[in-house]
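Visitor: I would like to learn how to read features from a model. Please take me through a few.

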Amino acid sequence: MMPGLLPENWNMSSFDDTCWQQARILSGPGGQLRASVFPAMGAIASFKPRKIDEPEPGYFVYDFGQNISAKPRLTVRGKAGQVVRLTPSEQRFGQTGVTNDGKGRVNQAGVGKPNYWEYTLKGGGEEVWSPQFTYSGFQYLEVSGAVPVGQANPNDLPVVVDLVSLQVRNRVEQAGVFRCSDQRINDINRLIDWAVQSNLGHVLTDCPHREKLGWLEVSYLMGPSISWNYDIAAFYTKIIQDIKDSQDADGCIYTVAPNYPNFSGGFRYSPEWGAAGVFLPWHLYQWYGDRRILEQSYDMMKRYVDYMANTADDLIARPGLGDWYDYGHDQPLGASRFTPTTLTASATFYGCCKIVADTAEIIGKQDDQQVYRALSKKIKAAFNRTFYQGDGNYQNQGSPQTANAMALVLGLTSSETESLVMDRILEDLRVRGNQQTAGDIGYHYLVEALRRYGQSEALYRILDRTDLGSYGYIINQGWTSMPEAWNAHLASSMNHCMLGHIQQWFYDGLGGITPEKPGFESFRIQPEFVGDIDQCSCEYMSLYGKIICQWQKAGQQLELFVTVPVNTTATLVLPSLPETVLVEGGRAIDQAPGIHSIDKKRLKQELVLGSGQYCFELHPSQSP
């Protein structure tokens with residue numbers, strides 16, 4: 001037997017292991033051993049190569065057609081001691097610009113190198129092998145030291161009988177399905193979903209290859225998008241526990257949980273990252289209706305807000321990376337360029353303080369509620385005193401998208417300035433030809449602000465672009481998952497979900513579904529009819545059952561199918577157009593069963609629906 005190779009039948013009870021070293025008893029690493037609370041990792045799908053080519057003699061590249069978190073499964077035959085190397089990558093040399101059309105050997109830019117697997121054959125027939133303890137992110141596998149079956153083999157190398165890519169992620173269940181008549185939007189949804197799936201690990205990873213770290217900002221800023229598509233209640237509960245375990249005695253929450261990297265500067269602490277310790281429990285409460293997560297997390301949440309207050313300068317929070325990877329043509333990628341890091345830090349500080357006050361009220365800590373309500377008012381005053389420049393502008397270096405959107409969504413504006421602040425966002429988008437500049441932190445708020453303030457048409461125009469810096473450009477250049485950077489920069493990862501926040505708008509904007517009470521006990525359905533989209537279908541499996549909103553329109557004629565689960569109510573908001581009539585199931589809506597109330601307002605009508613299925617039609621009224 002060659003050293004290091006597994007002996008025959010080593011895992012059978014009859015195997016003679018008397019020559020093996022005995023295990024030694026050592027002290028444990030400390031800590032508390034707990035059962036896993038989230039779905040286990042596993043290989044959930046397999047991809048066969050779409051093509052195999054030989055860019056250089058002896059190097060064969062297998063293209064699986066999809067960039068995913070995966071491990072290889074190799075079927076090979078050859079002689080004992082021969083070695084096959086498999087090198088994963090997202091790119092190939094020979095690309096034109098940032099287009100995924102390389103024809104050369106694999107390029108591990110963005111993945112990290114050296115990064116490869118090697119298998120040593122035992123000989124004696126076909127052998128099947130797959131890594132047991134690791135996976136990576138790749139679309140391509142380069143094979144060296146072997147030849148594909150059917151290829152000339154003058155050097156008698158091992159023969160690769162089969163090689164597949166096994167998708168690896170945790171086994172969270174799918175919760176939602178979205179589709180619409182605009183294929184580009186469907187493609188964008190799929191692009192982001194592959195990046196989300198690729199980062200569903202033991203933590204919500206940054207990327208599935210070079211650094212499988214639980215960077216915390218993605219977990220809560222992408223929380224709504226991921227929650228619409230997957231049941232992440234148990235998974236996110238585990239992430240919250242990781243944050244608790246990593247929180248320092250002084251209340252600090254670092255950028256990564258579990259917190260084992262020895263980073264420095266903004267990579268070690270940024271308020272917008274640590275805020276996951278406050279926003280995540282609140283999100284799970286709102287989404288799934290279980291107040292226990294607030295009770296169990298309250299101490300962590302409160303101590304983090306106290307830490308931010310203790311390290312603030314006159315209630316302006318200590319800054320970190322800010323709006324990471326915000327985007328402007330010809331601008332370097334990295335820490336925030338358009339938005340002061342103190343602004344995003346302080347806006348986040350305010351948002352966290354408000355949540356702690358709300359949580360204290362819900363769980364009956366009235367004294368704390370008063371303390372944190374008062375603190376939040378002081379933070380708001382300091383924020384506006386420092387950053388509001390008048391005429392609807394919050395301080396920025398060339399684009400107000402992130403600054404203004406955070407102020408709007410987090411409630412930092414006054415009622416008198418709201419419309420001006422939104423106008424400045426819209427003006428900036430117009431000037432830039434609908435180019436978003438917001439990055440890792442700000443884009444979530446930009447999407448939410450535009451939806452919340454009735455500007456979904458602006459979001460549609462952002463999605464309709466196909467030039468550099470757009471989703472459409474990324475898709476047209478052949479990338480199959482969402483890259484780390486808006487411009488698909490080749491030195492960055494090509495499989496990040498951190499800029500995928502638009503997914504939430506697919507459900508709460510186009511589908512129009514938003515929770516009104518925790519857990520979707522009551523919810524709102526107010527679809528946005530924008531652009532050239534004439535059909536849309538959203539389904540979400542809530543704790544109460546499946547919520548469905550499907551619509552199609554042609555001119556002033558609209559058909560809408562809605563399902564409201566048992567023990568819930570929904571407020572349906574539809575247009576109230578002149579010379580049109582709304583019916584349900586062929587009946588006038590005031591005679592249709594299940595409709596509790598009807599409120600007709602200027603340009604819209606609101607109906608409160610009980611549980612059941614409804615088929616509405618809005619069509620031109622008939623002349624007498």
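Visitor: How do K601 and E606 meet?

Guide: Side chains of opposite charge can pair when their charged atoms come close. Here the side chains of K601 and E606 meet in a salt bridge, at 3.6 Å from N to O. A salt bridge is a side-chain nitrogen of Lys or Arg within 4 Å of a carboxyl oxygen of Asp or Glu. This is a predicted model: local features need pLDDT of at least 70, side-chain atom pairs count only at pLDDT 80 or more, and totals for chains, interfaces and linings use all residues. Residues are numbered from 1 along each chain as its sequence is written, and side-chain values use heavy atoms, with hydrogens and water left out.

Visitor: Is K601 buried, exposed or partly exposed, and what of E606?

Guide: Start with the scale. Buried means under 20% relative accessible area, exposed over 50%, and partly exposed in between (1.4 Å probe, protein chains only). K601 is partly exposed at 37%. E606 is buried at 13%.

Visitor: Which residues are linked in a network of salt bridges?

Guide: The network links E516, R524, D599, K601, K604 and E606.

Visitor: How many salt bridges does a search of the whole structure find?

Guide: The search finds 33. One of them joins K79 to D156, with the closest N and O atoms 2.7 Å apart. K79 lies in the loop between strand 3 (59-77) and strand 4 (83-89), and D156 in the loop between strand 10 (147-148) and strand 11 (159-170), so the pair ties together parts that are 77 residues apart in sequence. Helices (H or I, at least four residues) and strands (E, at least two) are DSSP runs, numbered from the N terminus. K79 is partly exposed at 47%. D156 is partly exposed at 40%.

Visitor: Where do E142 and R105 lie?

Guide: Their side chains meet in a salt bridge, 2.9 Å from N to O. E142 sits in strand 9 (residues 136-144) and R105 in the loop between strand 5 (91-92) and strand 6 (106-107), so this pair ties together parts 37 residues apart in sequence. E142 is buried at 3% relative accessibility. R105 is partly exposed at 25%.

Visitor: Now a helix. What span should helix 9 have?

Guide: The expected span is 1.5 Å times one less than the number of residues. Helix 9 (residues 366-387) has 22 residues and should span 32 Å; its end C-alpha atoms are 31 Å apart, which agrees.

Visitor: Which residues of helix 9 are buried?

Guide: An α-helix has 3.6 residues a turn, so residues three or four places apart point the same way. In helix 9 the buried residues are D368, Q369, Y372, L375, S376, I379, A382, F383 and F387. Seen down the axis of helix 9, they fall within an arc of 155 degrees, so they line one face. That arc is taken from the directions from the helix axis to the C-beta atoms. On the other side of helix 9, D367, Q370, K377, K378 and R385 are exposed. The cover over its buried residues includes helix 7 (292-310), helix 8 (341-362) and helix 10 (401-410).

Visitor: What does S456 touch?

Guide: Contact means heavy atoms within 4.5 Å. S456 belongs to helix 13 (residues 456-463) and is buried at 1%. Leaving out residues up to four places away in sequence, S456 touches L450, R451, W505, E528 and V530.
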